[in-house]
Amino acid sequence: MHECTATVVSSEARCSGLLYELVLSAPPLAAQVKPGQFVHLALLQAEHILRRPLSVYQANKDAGTLTLLFQVMGEGTRHLTELTSAQQLQVLGPIGQGWNPPETAKRALLIGGGVGAAPLYLLAGELNDRGVLTEVILGAATADLLACEASFVTLLTAGQVHITTDDGSRGYKGFTTEVAAQLLAENRYDYVATCGPEPMQRIVAAMTAESGALCEVSLERRMACGIGACLSCVVDTVNGKKRACVDGPVFDAREVCW
Amino acid sequence: MSVELSVNLGGLVMKNPVTVASGTFGSGREYAELWSASPSCPGPLNALGAITTKGVSFEPWAGNPGIRITETASGMLNSIGLQNGGVEYFCSNDLVWLASQNVPVIVNVSGHSGEEYTKVIQRLEREEAVAAYEVNISCPNVASGGMSFGTDAAAAAEVTKLCRQATKRPLLVKLTPNVTDITEIARAVEAAGADAISLINTVAGMAIDAQKRTKVFDRGVAGLSGPAVKPVALYAVYRVYQAVDIPLLGIGGIRSACDAVEFFLAGATAVAVGTANFSDPLRALRLAEELSAWCASEGIQDIKELRGALKDG
């Protein structure tokens, strides 16, 4: 984990301005980041005294860049959308325990809800490189909120990308969990990873537990320090309270008290 | 010009007047690890005049359920609830590590009753690594104990007296600003044997989610900290400095050397960096150096010259 000064390469609205893609030049972070880790960004406005934790979507070690995909949730993230290229900001990272797929995994299912697709992208790349047959389910409310579909389709050499939308404007009409139930019934997976709304993750965890596969979830909490000291971001687990920042954000689903 | 930065905080000798606010720094280990990985880091943990630990209770405390923090304009609200592993865990883990860091350790002590505070101190008396205690009678985030002791002069004095009987080490008592007259509480804990007073703890506040029409925090109340509370803290230090003879540790929204100097002028002997540790994890460590530079540029040879040195007009 480093505290470093990052430079904005680009900042672009995606999905009608509901999501933003921020590219930062931060070579030490790009070199170190592992799938599922996040970075903690200091905002430029003095009134924002807390940093914002954002998961890493893509990393380019050669270019020294990180791509972050985020949803505008409040004033802080709205201010993040105002960043322009060449601006500098303090970034702490990479932080946290990322995904930990078993070495022996042969077939994996990744399930991303909304902006939760982003932290699954580097994982999908790693599994794909290892020759793990990887299927991905990406869900969103509507078709124009599917920010990551094209990049996942390009990435995967073998597996398939399944799409769901709440309104049926693209792919299966319904929730990711419905497609996940079908796939889990039809196929034998030895690894399932999910990120997105917590109710979705909870349902995926329960379904996967029945199938016997290892399931990892990525949990989001409000965070202050981002280094494990303040105990703001705790998650209830069967082993007591754990910190989403440094003990997570990825947890074995069996450990989480939902 | 070399500037004399050392201070004596109620018997606790600090090589510079900078510590951290309890609860914002864990036991320092996470920060030390980050610092050691940062090329721009000015030094190890002992760049601080002292480290103040997170609150330690006798039994383990789970802390509060639900949302624990939210940002406010130039501040934040927290409802952590003093989650900690209890004094035995603290001694065999945090304190073992702290003992090797070559920095005075102020242990922040929490309890639900006078007896619990005493039991924590009695256990810590067996540990050489402890330099001083800071008794927390001011946390708004626990149901019994905490702030309920700090809002009543007689109760504050009683807890202070019990702690005083348990130790000869420097005893700081941390006060809440959520009272009608903080000088009354300050005088009571001074009379009961406190060696120094830390002020302020967080300001009671709340947050409401307009969309959901719900309280953000399960307990409703939470503690406000950060730059937003600095004027409140400064005024508390200013008033208490005139009311008591024991030294004061100023806490509340301190980020810069200039902030710290304002607290010295109001009467503080030392200062603690709190919420600023979250926005800049290197902040506390850099502050002593910045204070030295500030004094040098202002022709101040000894930081103690600033204490209570407000000019008229």
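Buried means under 20% relative accessible area, exposed means over 50%, and partly exposed lies in between (1.4 Å probe, protein chains only). This is a predicted model, where local features need pLDDT of at least 70, side-chain atom pairs count only at pLDDT 80 or more, and totals for chains, interfaces and linings use all residues. Residues are numbered from 1 along each chain as its sequence is written, chains are lettered from A in the order in which they are written, and side-chain values use heavy atoms, with hydrogens and water left out.

**Exercise 1.** Classify Glu30(B) by accessibility and find its salt-bridge partner.

*Solution.*
- Step 1. Glu30(B) has 21% relative accessibility, so Glu30(B) is partly exposed.
- Step 2. A salt bridge needs a side-chain nitrogen of Lys or Arg within 4 Å of a carboxyl oxygen of Asp or Glu.
- Step 3. The partner is Arg243(A), with the closest N and O atoms 3.3 Å apart.
- Step 4. This pair crosses between chains, from strand β14 (residues 240–243) of chain A to helix α1 (residues 29–36) of chain B. Helices (H or I, at least four residues) and strands (E, at least two) are DSSP runs, numbered from the N terminus.
- Step 5. Arg243(A) is partly exposed too, at 22%.

**Exercise 2.** Locate the two ends of the Glu198(A)–Arg221(A) salt bridge.

*Solution.*
- Step 1. The N to O distance is 2.9 Å.
- Step 2. Glu198(A) sits in helix α6 (residues 198–211), and Arg221(A) in the loop between β12 (214–218) and β13 (234–237), so the pair ties together parts 23 residues apart in sequence.
- Step 3. Glu198(A) is partly exposed at 30%. Arg221(A) is partly exposed at 24%.

**Exercise 3.** Count the salt bridges over all chains.

*Solution.* The count is 26.
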